[in-house]
Amino acid sequence: MADVEWALKGELVLSCNCTVFCPCVLSLGQHPPTEGYCQTWAGFRIDNGYHGDTDLSGLNLGLIMEIPGYMSRGNWTAGLFVDKRASIYATKAFTRIFTGKAGGTTSLLSILVGNFLGVQQQPISYEVEGKKRIVKIPKIIDGVISPIPGKKHDEDTVISNSEYWIAPEIIVAKSEKSKLRAFGRNWNFAGRSAEICKLDWSGPN
């Protein structure tokens with residue numbers, strides 16, 4: 001099954017507990033998060049996607065992750081939220097991709113995630129309002145992410161040509177609203193670090 005071709009294209013946002021922009025992006029996991037540990041959630045909008053013969057286009061996802069220290073040292077905890085509209089085949093495909101079993105871009109998750117909390121199917125919305133990204137999973141995630149303007153105020157602050165595994169270009173952002181309540185966690189990261197990235201993942205190579 002690891003040789004099944006897959007791809008996800010779209011956009012993702014990530015909101016974490018770092019007080020300033022996440023140092024893991026530039027240090028590639030060699031520097032700890034600003035609080036010494038990472039708590040984060042992410043929202044995904046899949047514009048086009050597939051896993052073998054299974055179409056994944058037009059669906060949304062959510063992800064929760066905890067990292068106890070240096071990102072590169074592993075022992076991550078993760079849980080996945082899959083769009084309620086997804087078929088059983090799409091849900092299985094997303095689970096394979098986000099546990100690293102499908103290989104490719106997310107293969108490192110099979111090594112770094114030591115505790116997988118499971119998969120929940122929920123209604124998930126991912127909307128764009130101007131420059132804001134709004135992610136909602138009723139009673140679970142309530143997030144509003146906004147880019148941080150650069151010196152040219154109408155342009156975002158962007159990190160480009162990065163080796164960060166999630167994306168080579170990262171829009172530096174902050175959370176205007178960032179609440180998560182799931183899997184026994186109750187987080188509020190309003191005003192803290194966030195990222196907006198183009199989603200362009202594939203596998204198994």
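Modeller: What follows takes the labels one at a time.

Modeller: This is a predicted model, in which local features need pLDDT of at least 70 and side-chain atom pairs count only at pLDDT 80 or more, while totals for chains, interfaces and linings use all residues. Residues are numbered from 1 along each chain as its sequence is written, and side-chain values use heavy atoms, with hydrogens and water left out.

Biologist: Why is K101 called exposed?

Modeller: Exposed means over 50% relative accessible area, buried under 20%, and partly exposed in between (1.4 Å probe, protein chains only). K101 has a relative accessible area of 54%, so it is exposed. K101 sits in the loop between α2 and α3 (109-112). Helices here are DSSP runs of H or I with at least four residues, strands are runs of E with at least two, and both are numbered from the N terminus.

Biologist: Which residues of α2 are buried?

Modeller: In α2 (residues 88-98), the buried ones are A90, T91, A93, F94, R96, I97 and F98. Just after α2, G100 has a positive phi of about 85°.

Biologist: What makes N75 and N161 exposed?

Modeller: The same cut-off decides both. N75 has 55% relative accessibility and therefore counts as exposed; N161 has 74% and therefore counts as exposed. N75 is in the loop between β4 and β5 (76-83), and N161 is in the loop between β10 (158-159) and β11 (170-182). Phi is near 60° in N75, a positive value in a residue other than glycine. N161, also a residue other than glycine, has a positive phi near 60°.

Biologist: Why is β4 called largely enclosed?

Modeller: Because eight of its eight residues are buried. In a regular strand the side chains alternate between the two faces of the sheet. In β4 both faces are covered, with N60, G62, I64 and E66 buried on one side and L61, L63, M65 and I67 buried on the other.

Biologist: How do you know that β4 pairs with β2 and β5?

Modeller: Two strands pair if DSSP finds at least two bridges between them. Eight bridges join β2 to β4, and the two run antiparallel. Six bridges join β4 to β5, also in the antiparallel sense. C38 has I67 in β4 as its bridge partner, and L63 has L80 in β5.

Biologist: What makes a space a cavity, and how many are there?

Modeller: On a 1 Å grid over the protein atoms alone, a cavity is a set of points where a 1.4 Å probe fits but cannot get out; lining residues have an atom within 4 Å of a point. Grid points are joined across faces, edges and corners, and a volume is the space filled by probe spheres set on the points. The count is two cavities of 30 Å³ or more.

Biologist: Which elements give two or more residues to the lining of the largest cavity?

Modeller: They are β1 (6-16), β2 (38-51) and β4 (60-67). Lining residues of the largest cavity include L14, C38, M65 and W76.

Biologist: How does that lining divide by class?

Modeller: Ala, Val, Leu, Ile, Met, Phe, Trp, Tyr, Cys and Pro count as nonpolar, Asp, Glu, Lys and Arg as charged, and the others, Gly among them, as polar. The lining of the largest cavity has eleven nonpolar residues, one polar and no charged.

Note on methods. On a 1 Å grid over the protein atoms alone, a cavity is a set of points where a 1.4 Å probe fits but cannot get out, and a pocket is an open set with protein on both sides within 12 Å along at least five of seven lines; lining residues have an atom within 4 Å of a point.
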